[in-house]
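Here is a friendly walk through one protein chain, moving from a single side chain to the whole fold and back again. Please keep the structure open beside the text as you read.

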Amino acid sequence: MPYKAEDAKLYDAHARAPQEVVEGLSADIGKGLDDEEVKKRWAKHGPNKLPKKEEASAFKIFIKQFKDFLILILFIAAGIAFMADHLIDTYIILAVILFNAVMGFIQEYRAEQAVEAIKSMVKHEVTVLRHGEQVTLTPEQVVMGDVLLLKEGQSVAADARIIDTHNLRTNESSLTGESEPVVKKTEKIKEGTELADRKNMVWKGTSVVKGSGKAIVTAIGAKTEIGKIAKSLKEMEKTESNFRKKTAKLAQKMAALAIFTASIVFILGYFVRGFDFEQILLVTIATLVSSIPEGLPVVISIVLAIGANRMAKRNAIIREFTATEVLGSVSTILTDKTGTITQSVLTVKKMFGGDKKEREITGLGYSLDGAIQENDSKVVTARDGEIILKNSLIARFGNKAFIKKETDEKSNGEEELSVTGNPTELALQVLGRKSRIDELEPYKFVEELDDIPFNSEQKYRAKLVQTRESEKIMLVTGAPEKLLDYSSEVLTDKGTESMNRQLKEEIVRKNDEWADDAMRVLGLAHKYMPEDTVEISTYDVKDLIWTGIVGMIDPSRPEVKEAIADCRRAGIRVIMVTGDHAKTAAAIARDVGILDEQRGGNNNGYPQALTESEISKLGDDELDDMIQHVSVFARVSPSTKLRVAERLQESGELIAMTGDGVNDAPALKKADVGIAMGQKGTDVAKDAAQIVLSDDNFASIVKAIEEGRIVFKNVKITSYFLLTTNFAATSTLIAGLSLGFPVPLTAVQILWVNMVTDGIMDVALATEPGHGEMMDRKPIKKNEHILTWDVVPFLVIMAALMVTLAIYAFSYFLPRGTEAARAGAFVAVSSTQIFNAFNMRHLHKSVFSIGIGGNKWINIAFIVSVILQLAVIKIDWFRNIFGFGEISYLEFAVIFLGSSMVLLGGEIYKKIRKTFGV
């Protein structure tokens, strides 16, 4: 069946011969498309752009802030107050609603702006063959059937079938997770081959790291592999966040409590006290308004905003407000390997030579800090023997990689490294520089004469160089087995000797040993060439002197091991889900502590790593069992990542997914918390995530989790504080009516307590830091409510003390008139709340053990609240507005000091709980 561009099997180009693909696309390899054909294809297929999510406007972000159950309740309360002609109450409630919306809007809008700033602003260019000429275009201008001219350092503009290659290699880590550059070829591949193994294709969003080639465009925009993922993200529904469910549940409980208490007031007033209907209706409305925690949306917004700002300082940008708290509830983190756990930078760690010594190389990445060490940790250099010298010579000058120290004027003159080349050759360059061979006179200047580039068939690179001593040497690097076949001699500590069978076997054993540790093993060899040699060919690559082998790894980030240990201490499981090879993934997982014998060792019959092909054979129940015991999933596709995430969620886990590649995006969006890498992450990944790490540092996740737990703790304590306020206020009303008193407090007086006096204190509570124990606790349970029964005794005790003091003050001043009595009750209610804020700083520890001065904002709020209390009691204008009578400064001080009994009661309660372990 001929290959056609409109075929249903458009994406099977890898299984077709190059000419068949060219003909099917009506293309021309020699000349490319003409302008007329380009216009037709542009009109038919559109620009080469990825599907993008609809950008949220500032207006939509603002309107989003009103989609909350508690906000709805507040609107209803404002309406009731307005109809009852309580305009002050109405305005105060509406002001609270507006403040809450503004807070949420500012945070989410700033987060979106920060993410946009992180995204790359570089405009890429591509080279295409059109009407017989090379033309430079933007990626959006590429059409189906275009001939891409692939060059080192360029991004690939579209999915394309390779038709010609000259040592072409591409970096596909963002799409497939493969950390090594992929060697490309032109031969067709079996139909159905996995994406990562389609070596005759290049993909949009990847880049050329070496060589050159030609490719015919087979898919653009939404029909590319990266486009299909971006499209699926648009179609994927995001479930309501766990935190929004919790706050909605809390709001429902508080609304129910408000209706219940208002009903009691109505029954007491109308049926027991005999108030007329209109009078008791106003009192009931006052009770309802005072019972609704109108400050709750504000304080939750403030807590989340403070948490988000703290996280931003720790390099975690919050894109969705509620993700701040949800992160504290995460029980499992699914993380990619390349660029997240590892540095995506190869590093030589071991060297083995003909003297049968295994040498360690210290240092990580491209940093030149580090050295070559013997087994006894003795530092050695190129001066210390011929074996180290020759290995260093090959590593330093046997490739095209380039490392240069440059002075960065923006960093106060500090030196930075500028690197060019593929990761393998850069790793060899670093090894050569660490050996300090450049300090030796013959090698201060080494001239390159000729070069045979590496290709997948010959599996080696050979380079002819000349030293200052006019010595001409061919330096060879490549697959160890190939170099052993081509070597007739070996360099030992005694000089050059004939290669023998025993040494060969030992080299092969060492090679296998390192490979099992997920090291990439490279062989090194050399050959002295005649003085008149100016070029070399593959014919010269024989009778080599075998020099050694080196083992290199993509090292883990230095801080990751500690971060994963912190996760384990905090009861958070870390699972690696990567597109890389199983052995490589397992070795890195062992190194950083993801693997442990309890979950994935050989002792319990479960593999240390599970691959895509193995997972595909498992049913959901079997996969669930594997997920409980296996912590590394390797060589997996995007759909499998998504499946693992869904199975974990199905089992009740609350998961975070970290990643930087396009292949991570579906799971990032599906996860309870999606965390994208800001520097190396693709735009698709960032758009799918709720949190973006600006420093790409896995350790920042752990810090963010700690902040998330502090956020949940602060939401609880501020909610409890508000609940105590409202419960005490309504209980005061009920108690007053039950005892035959007039209404002890009006709705506007209670709103003043809630909005200003308590509002200042609960905002201060929102800034409460952690007290050193946040990461010593298990994750917050997914179904754990903000309001739990264990706090009820404390709330009842506090409310009882507040009501007792308020009713006593009311009855004491009542002979002087209702307004004076209300002034006394107001001071009692508001003062007890001020002291209760200190109780709420920690629900279990004494405020004196965590330090009275541990939160300066509480102390500032304390002073401001006292001043505001005095203002409404002693300043005539305020006193008249709120309907208070006159009380003296001494009377104010007595009530205020008496209110400190609440703090004493809280301390006694915590002491009893600690003593009896309840």
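## A look at N200

Does N200 count as buried or exposed? With a relative accessibility of 0%, N200 counts as buried, because the cut-off for that class is under 20%. Please bear in mind throughout that this is a predicted model.

In the chain, N200 belongs to the loop between β5 (182–183) and β6 (201–202). Its side chain reaches two backbone oxygens: that of H14 at 2.8 Å, and that of E187 at 2.9 Å. Leaving aside residues up to four places away in sequence, N200 touches H14, A160, R161, I162, K185, T186, E187, K188 and I189.

## The chain as a whole

Stepping back, the protein chain has 32 helices and 28 strands. It holds 918 residues, of which 58% count as buried. Among contacts with a separation of 6 or more, 71% are between residues 24 or more positions apart. The chain exposes about 38,400 Å², and 55% of that comes from carbon and sulfur atoms.

## An eight-stranded sheet

Which strands make up the open sheet, and in what order do they come? There are eight, arranged as β8-β28-β27-β26-β9-β23-β25-β24 with mixed pairing. At the edges stand β8 (316–318) and β24 (610–611); each has a single partner strand, so one side of each is left without a neighbour in the sheet. Helix α17 (residues 582–592) packs on this sheet, where it touches β23 (573–577), β24 and β25 (632–634). The direction of α17 makes about 155 degrees with that of β25.

Within the sheet, β27 (residues 673–677) and β28 (residues 691–693) run parallel and are joined by three bridges. Here A676 stands opposite V692 in β28. As background, strands of a sheet pair through backbone hydrogen bonds, in either a parallel or an antiparallel way.

## A hairpin for comparison

For an antiparallel case, turn to β1 (residues 126–130) and β2 (residues 133–137), which are joined by five bridges. The bridge partner of V128 is V135 in β2. These two strands form a hairpin with two residues between them. In the turn, H131 has a positive phi of about 40 degrees.

## Helix α24

How many residues does helix α24 have, and how far does it reach? Helix α24 (residues 698–738) has 41 residues and reaches 60 Å from its first C-alpha to its last. That span is close to the 60 Å expected at 1.5 Å a residue.

The helix is also mostly covered, with 37 of its 41 residues buried. Just after α24 comes G740, which takes a positive phi of about 85 degrees.

## Two positive phi values outside glycine

S26 is not a glycine, yet it has a positive phi of about 50 degrees. S26 is found in the loop between α1 (18–24) and α2 (35–45). Its relative accessibility is 55%, so S26 counts as exposed.

D543 likewise has a positive phi of about 50 degrees without being a glycine. This residue is found in the loop between β21 (520–528) and β22 (544–553). At 47% relative accessibility, D543 counts as partly exposed. The C-alpha atoms of D543 and S487 are separated by 5.1 Å, although these residues are 56 residues apart along the chain. Not counting residues up to four places away in sequence, D543 touches Y486, S488 and K527.

## H526 in strand β21

Is H526 buried or exposed? H526 lies in strand β21, and at 2% relative accessibility it counts as buried. Its side chain makes a polar contact with the side chain of T547, at 2.9 Å.

T547 is also one of the residues that H526 touches.

Key. Residues numbered from 1 in each chain as written. Predicted model: local features only at pLDDT ≥ 70, side-chain atom pairs only at ≥ 80, totals over all residues. Heavy atoms only, no water. Helix = DSSP H or I, 4+ residues; strand = E, 2+ residues; numbered from the N terminus. Buried < 20%, exposed > 50% of the residue type's maximum accessible area, 1.4 Å probe, protein only. Polar contact = N/O pair within 3.5 Å; in protein donor to acceptor, adjacent residues only side chain to side chain. Contact = heavy atoms within 4.5 Å. Pairing = 2+ DSSP bridges. Axes fitted to C-alpha atoms, helices over the stretch in contact; angles between N-to-C directions. Expected span 1.5 Å × (residues − 1). Areas by Shrake-Rupley, 256 points an atom, 1.4 Å probe, with all protein chains shown as cover.
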